[in-house]
Amino acid sequence: MSAASPWASGLSVARWCVYLVAGLVPVAASYYPGFSDTALPLTYDQYVVVKFALVLALAGVGLGAWLVTAATEGVVLRRVPAVEYAVGALLVWASVSTLLSVHRPTAVLGAYARYEGLVSFFAYAVVAFLALQVLDSPKRLRECALVLVASGSLVAVYGLLQSLGVLAAPQGTLPFEAERAFSTFGNPTMLGVFLLMPLALALALALTEGGRRLRAVFWLAFSVCGAALLLTFTRAA
């Protein structure tokens, strides 16, 4: 198999989609308080709907590329049965809940500012499936971890600047205390739960990195994510 073959290029598209989910989705928003206070947001929901749309688009493109490659060239299907059964059970349960829901549009798409409906669950399952298929070596797993730590650190720095008052809070009444970090998630609880991922990955990278400079960078990322996590003041995280 040459590097220029459709099999290789199709899997590369799927792999880049996974990397973009890790790198783009956390920082995506249509309005950045403190940087764009004089501008109007591009979307009514400034945070979640942007991430929701990105996940759907990247999951769709990645799955399409993988399916075309599988149909035309064939692929090696990587499997973890225990995870498959757990994810499958969740999707079945969510589907049944949607069918029995008192308001199916909400069950399918989710409510405003929290688009956690059936579509979201299937999109997450697609991203997990693609990650299992295309992150097929320690090198690629590390690359994805690096992307997530980088994007998480940017999100954390933004949250720290908000919480410390360096960046002005958005106009209007916040549904939480102004000193709590919320960053590009628009909600301290969502930010806190997200930061657990780059925090853990930064620690793992710091403990396994041999180079002194990179190790210092990872410890800095761990510290920044940890500080932002504390300043969310959320019990969930």
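In this predicted model, the axes of helix H6 (138–163) and helix H7 (residues 188–208) come within 9 Å and cross at roughly 125 degrees. Angles of 65 to 115 degrees count as roughly perpendicular and those over 145 as roughly antiparallel, so H6 and H7 are oblique to each other.

**H6 with H7**
- The crossing of these two helices, H6 and H7, is left-handed.
- On the H6 side, the contact is made by Arg 142, Ala 145, Leu 146, Leu 148, Val 149, Gly 152, Val 155 and Ala 156.
- H7 contributes Leu 191, Phe 194, Leu 195, Met 197, Pro 198, Leu 201, Ala 202, Leu 205 and Thr 208.
- By type, the residues of this contact comprise 14 nonpolar, 2 polar and 1 charged.

**H7 with H8**
- Helix H8 (residues 212–231) and H7 have axes that come within 8 Å and cross at roughly 155 degrees.
- Because angles over 145 degrees count as roughly antiparallel, H7 and H8 are described as roughly antiparallel to each other.
- H7 passes H8 in a left-handed crossing.
- Residues of H7 that meet H8 include Gly 192, Leu 195, Leu 199, Leu 203 and Ala 206, while those of H8 include Arg 215, Phe 218, Trp 219, Phe 222 and Leu 229.
- This contact of H7 with H8 consists of 16 nonpolar, 2 polar and 1 charged residues.

**H6 with H8**
- The axes of H6 and H8 come within 8 Å, with a crossing angle of roughly 45 degrees.
- Angles under 35 degrees count as roughly parallel; H6 and H8 are therefore oblique to each other.
- The crossing in which H6 passes H8 is left-handed.
- Among the H6 residues in this contact are Arg 142, Leu 146, Ser 153, Val 157 and Ser 163; among their H8 partners are Phe 218, Val 224, Cys 225 and Leu 231.
- The contact of H6 with H8 divides into 12 nonpolar, 3 polar and 1 charged residues.

**The largest pocket**
- The largest pocket holds about 870 Å³ of space.
- It is lined by 24 residues, of which Val 25, Tyr 124, Phe 185, Phe 194 and Met 197 are the closest to its centre.
- Helix H1 (6–23), helix H2 (48–72), helix H5 (118–134), H6 and H7 each supply at least two lining residues.
- H7 provides the largest share of the lining, 5 residues.
- The lining is made up of 20 nonpolar, 1 polar and 3 charged residues.

Key
Residues numbered from 1 in each chain as written. Predicted model: local features only at pLDDT ≥ 70, side-chain atom pairs only at ≥ 80, totals over all residues. Heavy atoms only, no water. Axes fitted to C-alpha atoms, helices over the stretch in contact; angles between N-to-C directions. Helix = DSSP H or I, 4+ residues; strand = E, 2+ residues; numbered from the N terminus. Left-handed = near helix turned anticlockwise from the far one by under 90°. Contact = heavy atoms within 4.5 Å. Nonpolar A, V, L, I, M, F, W, Y, C, P; charged D, E, K, R; others polar. 1 Å grid on protein atoms, 1.4 Å probe; cavity = no way out; pocket = protein on both sides within 12 Å on 5 of 7 lines; lining within 4 Å. Points joined across faces, edges and corners; volume = space filled by probe spheres on them.
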